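Please look through the model shown here and ask, for each label attached to it, on what grounds that label was given.

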Amino acid sequence: MSPGNGRLRVLAAMSGGVDSAVAAARAVAAGHEVTGVHLALSSNPQSFRTGARGCCTIEDSRDARRAADVIGIPFYVWDLAERFREDVIDDFVAEYAAGRTPNPCLRCNEKIKFAALLDKAIALGFDAVCTGHYARIVDLPSGERQLHRAVDMAKDQSYVLGVLDADQLAHSLFPLGDTTKDLIRVEAEQRGLAVAKKPDSHDICFIADGDTQGFLAKHLGTATGDIVDADGSKLGEHDGAYGFTIGQRKGLRIGTPAADGKPRYVLDISPVNNTVTVGPAEGLDVLGLTAIRPRWCGEAPAGQGSYTAQLRAHGDEVPVTATLTDDELHVQLATPARGIAPGQAVVLYDGTRVVGSATIATTERRRVSA
């Protein structure tokens, strides 16, 4: 299949937002035979959103249906709530319980939109899945397809798409990668789409009120533990280590000020002894890391190579040297980076091209004293 050429049968994932609606409209304008589908990912969806919080509400489903009617394409709702709960929500809770910091959007792309959805689409005879992600696919004369950053770097979503392999890219369309969000809203209004001014969803979609700590407490309960400094001295207590993230500064509830008077940050979270370690900002400096479960957007790199890496969503690129050894990716950073935690993804880039993604397992950090 070559999505860049000819008329294709396309399944457009429509969330109810402006991006996916315009992506579906652009696929129709490109001459493809398009069918819209809204993924029902909540077993008990709310009727309405609260501003830009959450998605997958009944309102979102209706917005997607109205957009499909305006575009003039068939529309269906597929119930993937159970699969979403198992692959995304349960994984999210388990990762926090293990002291790691997961990225649920990345997991959703890997397990839901480009596994469950794409597999079902192919089985039903569709050639490709179309989404409103901001990223570009470049078709080479050799037939190879490459995933690249979007033109609008402020909206680029290639970081959460780095989990896609070559076969999945062969059946993907990202019609918005060559434009900006402002222009997409203008286009939506010109096309008569009522979602033109609908706010974006910025929060974890299954935590509609934005209270991640409350959500985790509900699923994991409370477990009192110690907050200690780098030397192991107790500074305070917490109600659950899952309520903290690497690099966190606020809400530490430490009564004793540091000797140097400077702020302290979360440096480590240990689920084994339910301990949270805090220390100075320089203790957050990551010099290198080891990542597991690599997924490549084409052929796996051989030997040692020089790349840039994005280490968290919306993070800056960092020059790195990376080596793949026995399905483990070893990465050395040219300059230290902060706020990097196990469970997050490291995505390698060669220029704007996405090489692949892996899950951070351990980090090598600058050693500091209390």
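The questions and answers below set computed values against the definitions behind the labels.

Q: How do you know which residues and atoms the values rest on?
A: This is a predicted model, in which local features need pLDDT of at least 70 and side-chain atom pairs count only at pLDDT 80 or more, while totals for chains, interfaces and linings use all residues. Residues are numbered from 1 along each chain as its sequence is written, and side-chain values use heavy atoms, with hydrogens and water left out.

Q: Why is valine 18 called buried?
A: Buried means under 20% relative accessible area, exposed over 50%, and partly exposed in between, with a 1.4 Å probe and protein chains only. Valine 18 has a relative accessible area of 3%, and is therefore buried. Valine 18 is found in helix 1 (residues 18-29), where helices (H or I, at least four residues) and strands (E, at least two) are DSSP runs numbered from the N terminus.

Q: What does valine 18 touch, not counting residues up to four places away in sequence?
A: Contact means heavy atoms within 4.5 Å, and by this rule valine 18 touches Lys181, Ile184, Arg185, Ala188, Val195, Ala196 and Asp200.

Q: Is serine 20 buried or exposed, and which residues is serine 20 in contact with?
A: Serine 20, also in helix 1, counts as buried because its relative accessibility is 7%. Leaving aside neighbours within four places in sequence, serine 20 is in contact with Ala13, Met14, Ser15 and Gly132. UniProt, in an unreviewed entry, places the feature "binding site" at positions including Ala13, Met14, Ser15, Val18, Ser20 and Gly132; such annotations may be inferred rather than shown by experiment.

Q: How do the end C-alpha atoms of helix 3 agree with the span its 17 residues should have?
A: The expected span is 1.5 Å times one less than the number of residues, so the 17 residues of helix 3 (residues 81-97) should span 24 Å, and the end C-alpha atoms, 22 Å apart, agree with this.

Q: Where is the kink in helix 3 centred?
A: The bend at a residue is the angle between axes fitted to the seven residues ending there and the seven starting there, and helix 3 has a kink of about 30 degrees centred on aspartate 91.

Q: What do the buried residues of helix 3 pack against?
A: The buried residues, among them Phe84, Val88 and Phe92, pack against strand 2 (33-40), strand 3 (75-79), helix 4 (104-123) and helix 8 (212-220).

Q: Why do strand 3 and strand 7 stand at the edges?
A: Two strands pair if DSSP finds at least two bridges between them, and the open sheet of 5 strands has the order 3-2-1-4-7, with parallel pairing. Strand 3 and strand 7 (172-173) each have a single partner strand, so one side of each is left without a neighbour in the sheet.

Q: How many bridges join strand 2 and strand 3?
A: Strand 2 and strand 3 pair in the parallel sense over 5 bridges, and leucine 39 stands opposite tryptophan 78 in strand 3.
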